[in-house]
Every structure is written in C-alpha cells, then in structure tokens.
Amino acid sequence: MGVETALSQMIVLFFGIIVGFVAYRMGILDDKGCKSVTGLVMNITLPCFIVLSGLTSTHATSGPDMLKYFGVSVTCYCIAAILGLLASRLPFFERKDMRLCAFMTTFGNTGFIGLPFIGGMFGADAVLYATVFNLPFNLLVFSIGVYLVSDGSSDVKINPRMFVNPNFVASLIAIAFYLLGVTLPELPTSCLSTIGSATVPLSMIITGATLGKETPKDVFTNPGLYLLSAIKIVAVPLISFALLTALIPDPTMVRIGTLLMAMPIAANATMLCIQYGGNDRMASRGVFLSTLFSVATIPLFVAFIG
C-alpha cells in the first residue's frame, strides 16, 4: 500500500468533486437535483455496493473478531464526539453550535469517500471490514446525529425507527452473507456490481456540488473551522490508530479503521442541518475545508500507518 497509490486514488476522487463543483456553479445541478441524486446513492447504489462486499470478501475473520472490531469503532466515535464537545467551548463558536461541533468531528464522509477509497486501495473484498467499522455511522447519523445538528429550536424527537436505514440494513446483510458463506448466482451478483459501481462517481459529484455553494472568503477566514478540521482529519485518526493497534491484531483492519476515521467531515452534515434547523453554512464550510485538506492528509496517513 504505497503513498503514490493513495495520492492517485484521492486525485481521482477529488476530480469527481471538482466536476460536481463546476456542475453546480454552472447550473447543471441545483439543490433539487442534488437532493434527488443523494437519495439515489444513499438508498440504492451504496446499499448494493455494501451488500456486494459480503459476497466477494475473501478475508478470513471470525464473528467474535468482527464484533470486537465494531466495539473499537464505537469507542473511536465516542472519543471523536468528546473532542468536538471540548472544542465547542472555545470562543470560536456560538453556544447554539456546540452540538454541531460534536457532529462534525464525529461523522466523516465514509459513505461518499471512505468506502470507495478503501475499495480502491485494498480491493473490493476489504470493503467488508470498512462496512463493519462503519456500522456506528449508519446506526447513529440519522438518529443521534439528527439531535446533534439541530440547534435546539426545532422539535426533534428520536424514535427507534430512526436507527434503521438502508445502509445499516445492507451492512447487516453483508456481514451475514460473509459469516454464513452465502453465494449468489452470477446474474444477481452482476446486477449488484453494476448498480453499486455507480456509487463512486455519483458520490464524488454530489460532494462537489454541495461544496459549490461556498466561496473561498467564507471558508478560509474562520479559525474555528481550521480547528474542527484538524481534529477530524488529524487528531481523531491518530487516536484511533493507537486504539486499534492496541486492540486489533490484524494490520489490515487497523489501517482500514484508521483511514475511515481520517475521512473529512460528512457531506450530509449540510443536508441534515437544513432539514433540522442547524447552522448549514458552518457545516458546508467545514465540509469544504476538511475535504480540501484531506487530499494531502489521507496519503500522509497511508505513509504513516503503512
């Protein structure tokens, strides 16, 4: 796993982001179109991409090891949230944005960038490890995450149904397929592969379109955003790497978990803020800044953990 490969992979992904950025600025994509394509990715193509990983994975890992990996992932997410809450007490942020700071340091762009990146770096079968490590994201982002992005003025109520979403269900199916040794005929597997392959380009384009709403002046003049970005793409993966190294013996699983925690702020932070009354401008600017810096930091992490 070389730095050149990681850098090339990030450049390819970032090219898709640039395409989305330009498309939004030129009016080819608007907010309504972005919302529709996002729904397509989150509800159809990404679940297919995840389920396929359970059918193609060749790594030999036991159920208890997977469960332990999930437990370490939950711990990493909790640490990231605590760091965000601590940072939110600094004078860079308003009181109403304290919970949003925790969201931005906790939830990374694992679906739109993380899983495609892991697949490109380690091969499609390694996506299963990423799927297991990413379970807390799929379980919490549309439940606890909704509470974190809201500023307290909106009536947000958490109910059990919020914990179930297509990607979480797809993750459980992929893990079950892997543990049970399930195989499907060539035709349905090819169907999943064809639809799932649309995830990477569509995800990058939508990420770029989301960033297209911001101007450099808005993004680069806020010192608080630099702090949150540094926590998310530097401090969180460093702590996660130490924790994973201490508890997980498989070096590939350690690398995958670390790189997932090194992903920039989740692109859906902006959409959730719009829907639930959070500071969508702060969220979108944080996404832009952390994504820009991650083009350099992720290859550096590949060199560090490799």
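Biologist: Why is C34 too far from the closest cysteine sulfur for a bond?

Modeller: This is a predicted model, to begin with. In it, the closest cysteine sulfur to that of C34 is in C273, 16 Å away. A disulfide needs the two sulfur atoms within 2.5 Å, so that pair is too far apart for a bond.

Biologist: Is C34 buried or exposed?

Modeller: C34 is buried. Its relative accessible area is 8%, and the cut-off for buried is under 20%.

Biologist: How many disulfides does the structure hold, then?

Modeller: The count is 0.

Biologist: Let's step back to the fold. How many helices and strands are there?

Modeller: The protein chain has 16 helices and 0 strands.

Biologist: What box do the C-alpha atoms fill?

Modeller: Roughly 50 × 45 × 45 Å, taken along the principal axes.

Biologist: What share of the residues counts as buried?

Modeller: 52% of the 306 residues. The accessible surface comes to about 12900 Å². Carbon and sulfur atoms hold 69% of that surface.

Biologist: What about contacts in the chain, how much comes from residues 24 or more positions apart?

Modeller: Such pairs account for 87% of the contacts with a separation of 6 or more.

Biologist: Charges next. How far apart are the mean positions of the positive and negative ones?

Modeller: They are 8 Å apart. The chain has 16 positive and 14 negative charges.

Biologist: Now some single residues. Where does M261 lie?

Modeller: M261 is in helix α14, which covers residues 251-261. M261 counts as buried, at 2% relative accessibility.

Biologist: What does M261 touch, not counting residues up to four places away in sequence?

Modeller: The list is C76, Y77, F133, K232, V236, P237 and S240. Take P237: it is 24 residues from M261 along the chain, and their C-alpha atoms are separated by 5.1 Å.

Biologist: Which helix has S294?

Modeller: Helix α16, residues 280-305. S294 is buried, with 0% relative accessibility. Leaving aside neighbours within four places in sequence, S294 contacts M10, I233, P264 and P299.

Biologist: And I206, buried or exposed?

Modeller: I206 counts as buried at 2% relative accessibility. Its place is in helix α11, residues 199-211.

Biologist: How far is I206 from G33 in sequence and in space?

Modeller: They are 173 residues apart in sequence. In space it is 9.4 Å, C-alpha to C-alpha.

Biologist: Last one, V22. Where does it lie?

Modeller: V22 is in helix α1, residues 3-25. At 37% relative accessibility, V22 counts as partly exposed.

Biologist: What separates the C-alpha atoms of V22 and L211?

Modeller: A distance of 9.9 Å. The two residues are 189 residues apart along the chain.

Methods:
Residues numbered from 1 in each chain as written. Predicted model: local features only at pLDDT ≥ 70, side-chain atom pairs only at ≥ 80, totals over all residues. Heavy atoms only, no water. Helix = DSSP H or I, 4+ residues; strand = E, 2+ residues; numbered from the N terminus. Buried < 20%, exposed > 50% of the residue type's maximum accessible area, 1.4 Å probe, protein only. Contact = heavy atoms within 4.5 Å. Areas by Shrake-Rupley, 256 points an atom, 1.4 Å probe, with all protein chains shown as cover. Lys, Arg positive; Asp, Glu negative; His and termini not counted. Charge placed at Lys NZ, Arg CZ, Asp CG, Glu CD.
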